[in-house]
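Open the model in a viewer and keep the selection panel at hand. Each stop below says what to select and what is there.

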Amino acid sequence: MKRCSRGWRTLLECVVVILVGGLAIRGINRWLGDEEPRVERIIYMIGDGMGVAHISVAQIAQDYKPLAMERAEYVGLCKTYSANNRITDSAAAGTALATGYKTNNGMIGVTPDSLPHPSIREKAERAGMATGVVVTYPVTNATPAAFVAHVDNRHKEDEIATYYLSNELDVFMGGGSKRFDQRADSLNFFDTLRERGYTIAYSISDIENVSEGKVALLPTEDSMPSMLSGRGDFLPEATAKALEILSNNAKADRTGFFLMVEGSQIDGKAHGHDLEGMIAEIRDFDAAVEVAFDYADEHPGTLVVVTADHETGGLTIVNGNRRFDLHDHQVDYAWTTGGHTGGMVPIFAYGTGSEHFSGVFENTDLPKIMCRLLGLEE
Ligand SMILES: [Zn+2]
């Protein structure tokens, strides 16, 4: 009987030691940050040319009704200069945001020595994740190209298109079909993509019932129309469709996804000093941000990072040189250049892991942090 009770006591002591030990290890893990929820999906959203003043003007235009971007949980700032210029272009900035390397203006996915470096999207694809890009300029334009291709000159768009064959994106959506079926080399890339299992679509309604598999949606030969020329809800709708397809593909046999979405035409409107057009493009991009933030709410493990490649137009809100009546707010504004500027741009982060994007960053830091969170090689 005595032996028996000593046995029970030893067992009880063992249980207590295991419980206390387990709690201590959990506590240490939490302290070390090992218990952070895992980021499995990233939506990387780039407003081309979108500076803080562009967002501020859009806020004023809707009487400070908050934009979706303002739901951000963490906010940061990003330095945009390129390897050879204080003022970057979209090629060098896209390369920095995609690969984590600064390069010279005009170069795509390569360092100034022309050496290629994989983008975060390519690393995600190689790790078995589902990936995609959604834009409103041609899919061969600088920003999407930086996530797909490696060329020393952004204008080699026929060559950039070949990377949509040598890579295997689950979805790519945007303008620029002429680089696929009206090529200088007379090849028809749509035939090749079809052979590889892609659904080729020319409007969102073509893929209404498509919810998985590989999709190339290219409604226009060149850029898509601007918002004021009737583009409609392409960007938010394409973003939602891409998220649906990537989710299902990732569910089937993959390990999460990476999607890049660009508000491509903010830049063009700012180059042209078209304030109303620019506001319409910001609102459209913001509608896509809302789709992404809502998706993150419904799918824990999703990180959304919204930023810009650079500011365009040197836009400033002043008591200035031209009056623009924004719904009776009598706002004055000025554009100070027809080109880009060298100021920092905002970062809005939302969802799992968003706390890593509070602070001042180099544009090259962003993909490195994202790779680390996804467990990909930096
Ligand atoms: Zn530009």
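This is a predicted model: local features need pLDDT of at least 70, side-chain atom pairs count only at pLDDT 80 or more; totals for chains, interfaces and linings use all residues.

Then centre on Met173 and show its surroundings. Setting aside neighbours within four places in sequence, Met173 is in contact with Val133, Val134, Val135, Val139, Ile207, Val215, Leu217, Phe234, Ala238, Lys241, Ala242 and Ile245.

**Zinc site**

Select the zinc ion together with Asp267, His271 and His340. The protein donors are two OD atoms of Asp267, NE2 of His271 and NE2 of His340, at 2.0 to 2.3 Å from the zinc ion. Along the sequence these donor residues follow the spacing D-x3-H-x68-H.

Why is the arrangement of the four donor atoms irregular? The angles they subtend around the zinc ion run from 58 to 156°, whereas a tetrahedral assignment would need all angles between 85 and 135 degrees.

Now show helix H10, residues 266-271. Asp267 and His271 both lie in this helix, four residues apart, which is about one turn. Asp267 is buried, at 8% relative accessible area, while His271 is partly exposed, at 32%.

**Arg231**

Move to the loop between strand S6 (214-217) and helix H9 (234-253), where Arg231 is found. Is Arg231 buried or exposed? Its relative accessibility is 8%, so Arg231 counts as buried, the limit being under 20%.

Display the polar contacts of the Arg231 side chain. One is with the side chain of Glu281, at 2.8 Å. Residues up to four places away in sequence aside, Arg231 touches Thr136, Met224, Pro225, Ser226, Gln265, Glu281 and Asp284.

**Two positive phi values**

Select Tyr64, in the loop between helix H2 (52-61) and strand S2 (74-79). Tyr64 is not a glycine, yet its phi is positive, near 65°. At 53% relative accessibility, Tyr64 counts as exposed.

Finish at Ser186, in the loop between helix H7 (178-181) and helix H8 (189-195). Ser186, also a residue other than glycine, has a positive phi of about 65°. Ser186 is exposed, with a relative accessible area of 65%.

Definitions and conventions
Residues are numbered from 1 along each chain as its sequence is written. Side-chain values use heavy atoms; hydrogens and water are left out. Donors are N, O and S atoms within 2.8 Å of the metal (3.2 Å for Na, K and Ca); water is not among the atoms, so sites may look incomplete. Four donors count as tetrahedral if all angles lie between 85 and 135 degrees; four count as square planar and six as octahedral if opposite donors are over 155 degrees apart and all others between 65 and 115; anything else is irregular. Buried means under 20% relative accessible area, exposed over 50%, partly exposed in between (1.4 Å probe, protein chains only). Contact means heavy atoms within 4.5 Å. A polar contact is a pair of N or O atoms within 3.5 Å; within protein, one must be able to donate a hydrogen and the other to accept it, and residues adjacent in sequence count only if both atoms are side-chain atoms.
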